[in-house]
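Here is a short tour of one protein model, written for someone who likes to know the cut-offs behind each term. Please have the viewer open as you read.

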Amino acid sequence: MDAGSGTGITSRAIAKDFNFNVVSVDYLQHFTNIANQLNALCGLQNKITAIQGDMTSLDLEANQYVGKFDAVISIQAFLHIRDKKALFTLCNKALKNGGMLYIEDFTVHDKSILQEDDTAAMEHLGLHNIDQ
């Protein structure tokens, strides 16, 4: 799953280079529409399912996505999502047992600007910055 996929650049690279099937999820319908058009232009429409959805409340059961994914990846998207606890809970629920979560994002070096609930959510889920 490509979480916060935008127009699907990462999804297309994964589908093409590794021959994986990808579900790409973005909050904006406009980006999902563009992703579907570009996926078709690249001949990858059968490898990528691009859907509009909120990564804090996506109905995994209705889409049969519970425990389906070997990996959830996100490139520069999680920083835009306020409810980190709901976000990481959903990612965990989407992953198979032993699945991997890969996040590439901007980080905060001045931890004094973190909101209290951001820190609590990270601690609850056992997450930490790489520099710790």
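The report below goes from the overall layout to the cores, the strands, the surface and the charged pairs.

This is a predicted model, in which local features need pLDDT of at least 70 and side-chain atom pairs count only at pLDDT 80 or more, while totals for chains, interfaces and linings use all residues. Residues are numbered from 1 along each chain as its sequence is written, and side-chain values use heavy atoms, with hydrogens and water left out.

## Overall layout

The protein has four helices and five strands; helices (H or I, at least four residues) and strands (E, at least two) are DSSP runs numbered from the N terminus. Read from the N terminus, the order of elements is β-α-β-α-β-β-α-β-α. Of the 132 residues, 33% are buried. Here buried means under 20% relative accessible area, exposed means over 50%, and partly exposed lies in between (1.4 Å probe, protein chains only).

The accessible surface comes to about 8400 Å², and carbon and sulfur atoms hold 53% of that. Accessible areas come from the Shrake-Rupley method with a 1.4 Å probe, and for residues only the protein chains shown count as cover. Among contacts with a separation of 6 or more, 70% involve residues 24 or more positions apart; a contact means heavy atoms within 4.5 Å.

## The nonpolar cores

A nonpolar core is a set of buried Ala, Val, Leu, Ile, Met, Phe, Trp, Tyr and Cys residues joined through side-chain atoms within 4.5 Å. The largest one has 19 residues, and those with the most contacts inside it are Met1, Val25, Met55, Leu58, Leu60, Val72 and Phe78. Strand 2 (22–26), strand 4 and helix 3 (84–94) each give two or more residues to this core, and helix 3 gives the most, with five. Another core, of six residues, lies apart from it and includes Ile14, Ala15, Leu44 and Ile48.

Which residues does methionine 55 touch, not counting residues up to four places away in sequence? The list is Met1, Ala3, Gly4, Val25, Ile81, Ala86, Leu87, Leu90 and Cys91. One of these, alanine 86, is found in helix 3 and is partly exposed, with a relative accessible area of 22%. Leaving aside neighbours within four places in sequence, alanine 86 is in contact with Met55 and Thr56. The C-alpha atoms of alanine 86 and threonine 56 are 5.0 Å apart, although the two residues are 30 apart in sequence.

## Strands in the interior

Five of the five residues of strand 2 are buried, so this strand is largely enclosed by the rest of the structure. In a regular strand the side chains alternate between the two faces of the sheet. In strand 2, Val22, Ser24 and Asp26 point one way, Val23 and Val25 point the other way, and all are buried. Strand 2 pairs with strand 1 (residues 2–3) in the parallel sense over two bridges, where pairing requires that DSSP finds at least two bridges between the strands. Serine 24 in strand 2 is the bridge partner of aspartate 2.

Strand 4 (residues 69–75) holds serine 74, which is buried with a relative accessible area of 0%. Not counting residues up to four places away in sequence, serine 74 touches Ala3, Tyr102, Ile103 and Glu104.

## Surface and charged pairs

Leucine 28 sits in the loop between strand 2 and helix 2 (29–41) and is partly exposed, at 41% relative accessible area. Together, Tyr27, Leu28 and Phe31 make a nonpolar surface patch of about 300 Å². Such a patch joins nonpolar side chains (Val, Leu, Ile, Met, Phe, Trp, Tyr) within 5 Å, like charges being joined within 9 Å, from residues with over 30% relative accessible area and no salt bridge.

Side chains of opposite charge can pair when their charged atoms come close. With a salt bridge defined as a side-chain nitrogen of Lys or Arg within 4 Å of a carboxyl oxygen of Asp or Glu, the count comes to two.

| Glutamate 61 | Lysine 93 | 2.5 Å |

Glutamate 61 is partly exposed at 46%, and lysine 93 is partly exposed at 39%. Aspartate 70 lies in strand 4 and lysine 96 in strand 5 (residues 95–104), so this pair ties together parts 26 residues apart in sequence. Aspartate 70 counts as exposed at 53%, whereas lysine 96 is partly exposed at 36%.
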